[in-house]
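Dear colleague,

I am passing on the structure we talked about, and my notes follow directly below it. Please read them with the coordinates open.

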Amino acid sequence: MPRAGPQAARPRLAYEHPHDSELHRYAEGERVRHYDGNGARAGRIVRTLDHEGLVEIDFGHEGTAVVGIEEIEPERA
């Protein structure tokens, strides 16, 4: 359905991103996959630092790491 009103005719500015998806909100205990330059690895979220856009992930025997939420995605079943 086309938009009506003054916004319909307004040209889109170069810096606007009309389809930016909302970032997933992660919860403690959620299983995720972390993607870095060496591929993907599975882990479980220990805690979230939402105000920073970071989460701490436990990778088992590899230890824990704090990573940005843009580097992870929920693990698929």
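H34 stands opposite I72 in β5, and β5 pairs with β1 in the antiparallel sense over three bridges. Here two strands count as paired if DSSP finds at least two bridges between them, and strands (E, at least two residues) and helices (H or I, at least four) are DSSP runs numbered from the N terminus.

Before going further, please note that this is a predicted model, in which local features need pLDDT of at least 70 and side-chain atom pairs count only at pLDDT 80 or more, whereas totals for chains, interfaces and linings use all residues. Residues are numbered from 1 along each chain as its sequence is written, and side-chain values use heavy atoms, with hydrogens and water left out.

The sheet

Five strands make up an open sheet with antiparallel pairing, in the order β4-β3-β2-β1-β5. Its edges are formed by β4 and β5 (72-74), each of which pairs on one side only. Neighbouring strands are turned against each other by 45 degrees on average, direction ignored, where axes are lines fitted to C-alpha atoms (for helices over the stretch in contact) and angles between N-to-C directions run from 0 to 180 degrees. Strand β3 (residues 54-58) is joined to the antiparallel strand β4 (residues 64-68) by five bridges, and the two form a hairpin with five residues between them, where G60 in the turn has a positive phi of about 70 degrees.

The core

The largest nonpolar core has nine residues, namely Y26, V32, I45, V55, I57, F59, V67, I69 and I72; such a core is a set of buried Ala, Val, Leu, Ile, Met, Phe, Trp, Tyr and Cys residues joined through side-chain atoms within 4.5 Å. V55, found in strand β3, stands opposite V67 in β4 and counts as buried at 1% relative accessibility (buried is under 20% relative accessible area, exposed over 50% and partly exposed in between, with a 1.4 Å probe and protein chains only). Leaving aside residues up to four places away in sequence, V55 touches Y26, I45, R47, T48, A65, V66, V67, I69 and I72, a contact being heavy atoms within 4.5 Å. The C-alpha atoms of V55 and Y26 are 8.2 Å apart, although 29 residues separate the two in sequence.

Salt bridges

A search of the whole structure finds four salt bridges, each defined as a side-chain nitrogen of Lys or Arg within 4 Å of a carboxyl oxygen of Asp or Glu. One of them joins E75 to R31, with the closest N and O atoms 3.1 Å apart, and this pair links distant parts of the chain, since E75 lies in the segment after β5 and R31 in strand β1, 44 residues apart. Another brings together the side chains of R41 and E62 at 2.8 Å, N to O; because R41 lies in strand β2 (residues 39-49) and E62 in the loop between β3 and β4, the pair ties together parts that are 21 residues apart in sequence. In the salt bridge between E56 and R47 the closest N and O atoms are 2.6 Å apart, with E56 counted as buried at 15% relative accessibility and R47 as partly exposed at 38%. Finally, salt bridges that share partners join R31, R33 and E75 into one network.

With best wishes
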